[in-house]
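Let's take a friendly walk through a protein model together. Have a look at the sequence and the structure first, and then read on.

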Amino acid sequence: MIFITAKFRVRPEDADRWPQIAAEFTEATRAEPGCLWFDWSRSLDDPTEYVLVEAFRDDEAGAAHVQSAHFREAQRTLPPHLAETPRIVNATVPQQDWSRLGEMAVPEGD
């Protein structure tokens with residue numbers, strides 16, 4: 001899968017509304033057949049920073065995402081709400097879902 005994490009620094013006046021600002025893009029991306037997940041989190045240390053964790057099934061799904069109409073629309077509509085260019089980590093990993101963090105295993109119930 002293609003695993004991507006991106007940090008978005010949002011303009012302070014738009015930070016509280018960012019989930020609504022990005023909602024159409026988020027919903028359309030989650031509906032893509034090759035999208036495994038597309039999840040936003042807000043930083044606990046910086047209220048203007050949002051982290052996007054996303055994954056796509058394979059290279060073809062990733063390519064379809066960046067070529068989609070909703071991605072092109074997001075390229076136009078999201079940057080005016082950003083304080084800087086987002087930062088990204090993009091990697092291909094040999095799995096299709098989250099692995100378990102064994103070092104913090106929770107015992108199964110009886």
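Which residues does Ile 88 touch, not counting residues up to four places away in sequence? The answer is Ile 4, Thr 5 and Ala 6, where a contact means heavy atoms within 4.5 Å. Ile 88 and Ala 6 are 82 residues apart in sequence, but their C-alpha atoms are 4.1 Å apart in space. Ile 88 sits in strand β4 (residues 87-92).

Before we go further, a word about the model. It is a predicted model, in which local features need pLDDT of at least 70, side-chain atom pairs count only at pLDDT 80 or more, and totals for chains, interfaces and linings use all residues. Residues are numbered from 1 along each chain as its sequence is written, and side-chain values use heavy atoms, with hydrogens and water left out.

**The whole chain**

The protein chain has four helices and four strands, arranged along the sequence as β-α-α-β-β-α-α-β. Helices (H or I, at least four residues) and strands (E, at least two) are DSSP runs, numbered from the N terminus. The C-alpha atoms fill a box of roughly 50 × 35 × 25 Å, taken along the principal axes. Of the contacts with a separation of 6 or more, 74% join residues 24 or more positions apart. UniProt, in an unreviewed entry, places the feature "domain: ABM" at residues 2-90; such annotations may be inferred rather than shown by experiment. Over residues 2-90, the chain is 33% helix and 31% strand, and the end C-alpha atoms are 7 Å apart.

**Inside and outside**

Of the 110 residues, 35% count as buried. Buried means under 20% relative accessible area, exposed over 50%, and partly exposed in between (1.4 Å probe, protein chains only).

| Residue | Place | Relative accessible area | Class |

In soluble globular proteins, nonpolar side chains tend to be buried together. A nonpolar core is a set of buried Ala, Val, Leu, Ile, Met, Phe, Trp, Tyr and Cys residues joined through side-chain atoms within 4.5 Å. The largest one here has 19 residues, and Phe 8, Trp 18, Phe 25 and Leu 78 touch the most other members. β1, α1 (18-21), β2, β3 and α4 each supply at least two residues of this core, and β1 gives the most, with four. Apart from this core lies another, of five residues, among them Met 1, Trp 37, Val 53 and Ala 55.

Which residues of helix α3 (residues 59-66) are buried? They are Ala 61, Gly 62 and His 65. These residues lie on the same side of α3, because they cover an arc of only 100° around the axis, taken from the directions from the helix axis to the C-beta atoms. On the other side of α3, Asp 59 and Glu 60 are exposed. The buried residues of α3 pack against β1 (2-9), α2 (23-30), β2 (35-42), β3 (49-56) and α4 (69-77). His 65 has contacts with residues including Phe 25, Phe 38, Phe 56 and Phe 71. At the start of α3, a side-chain oxygen of Asp 58 comes to within 3.2 Å of the backbone nitrogen of Glu 60.

Key:
Polar contact = N/O pair within 3.5 Å; in protein donor to acceptor, adjacent residues only side chain to side chain.
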